[in-house]
Amino acid sequence: QQQLQAYASNLSGMAGGLGAQLQSIEGKIEQVRAEQAAARAAAIGAVRILGGALPPFAYGPKDDWFPWGQCTWYVASLRNVSWNGDAWQWAATAAAAGMSEGMQPRAGAIVVFNRGGAYSQFGHVAYVVGVNGPTSFTVDEGNYYSLGVVDQRYIGSLAGVEAFIY
């Protein structure tokens, strides 16, 4: 990369302009990463918890590259999530990563909700903390009510459920 940067610094015209744009973009990326790290450091105290839900990272530190306060961020703080993507993509990406899935609620599972309907265009994920019956369960979740809010909610049917990741 250093050789390419040295070569690019000798370019002129359009190629030289692209090199300068690349350096500017790299600087902005570093700035955003620093801001995200600061937000993560401040996030634990900034989370609002409703209904006795588990706090983020309740089981210890996890690798987490999801945006702070989102449902994906919260669930990834409780489970070892080795995949990435929006919530609606989690069932397919978890299956591709070798995780087992099904349509039976189980405590400790991740529930993936379809996008649309009661959920956003990005879908929704939550952590199952209790099972009340074959189609009813209780979840802890982030960003159902608003960004940075963690809550506990009863789900009475499988409507909107795409899959459970075990």
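A salt bridge is a side-chain nitrogen of Lys or Arg within 4 Å of a carboxyl oxygen of Asp or Glu. The views below show a predicted model.

**View 1. Arg153 and Glu141 form a salt bridge.** Their side chains meet at 2.6 Å, N to O. That falls within the 4 Å cut-off. A search of the whole structure finds 1 salt bridge. The pair links distant parts of the chain, 12 residues apart. Arg153 sits in strand E6 (residues 149-155), and Glu141 in strand E5 (residues 136-142). Both Arg153 and Glu141 are buried.

**View 2. An open sheet is built from 7 strands.** The order is E1-E6-E5-E4-E3-E7-E2, with mixed pairing. Strand E1 (48-49) and strand E2 (101-102) stand at the edges. Each has a single partner strand, so one side of each lacks a neighbour in the sheet.

**View 3. Strands E3 and E7 pair in the antiparallel sense.** Strand E3 covers residues 110-113, and strand E7 covers residues 161-165. Their pairing runs over 4 bridges. Ile110 stands opposite Ile165 in E7.

**View 4. Helix H3 packs on the sheet.** This helix spans residues 71-78. Helix H3 touches E3, strand E4 (124-133), E5 and E6. The direction of H3 makes about 60° with that of E4.

**View 5. The protein chain holds 4 helices and 7 strands.** From the N terminus on, the elements run α-α-β-α-α-β-β-β-β-β-β. The chain has 166 residues, and 35% of them count as buried.

Notes:
Residues numbered from 1 in each chain as written. Predicted model: local features only at pLDDT ≥ 70, side-chain atom pairs only at ≥ 80, totals over all residues. Heavy atoms only, no water. Helix = DSSP H or I, 4+ residues; strand = E, 2+ residues; numbered from the N terminus. Buried < 20%, exposed > 50% of the residue type's maximum accessible area, 1.4 Å probe, protein only. Pairing = 2+ DSSP bridges. Contact = heavy atoms within 4.5 Å. Axes fitted to C-alpha atoms, helices over the stretch in contact; angles between N-to-C directions.
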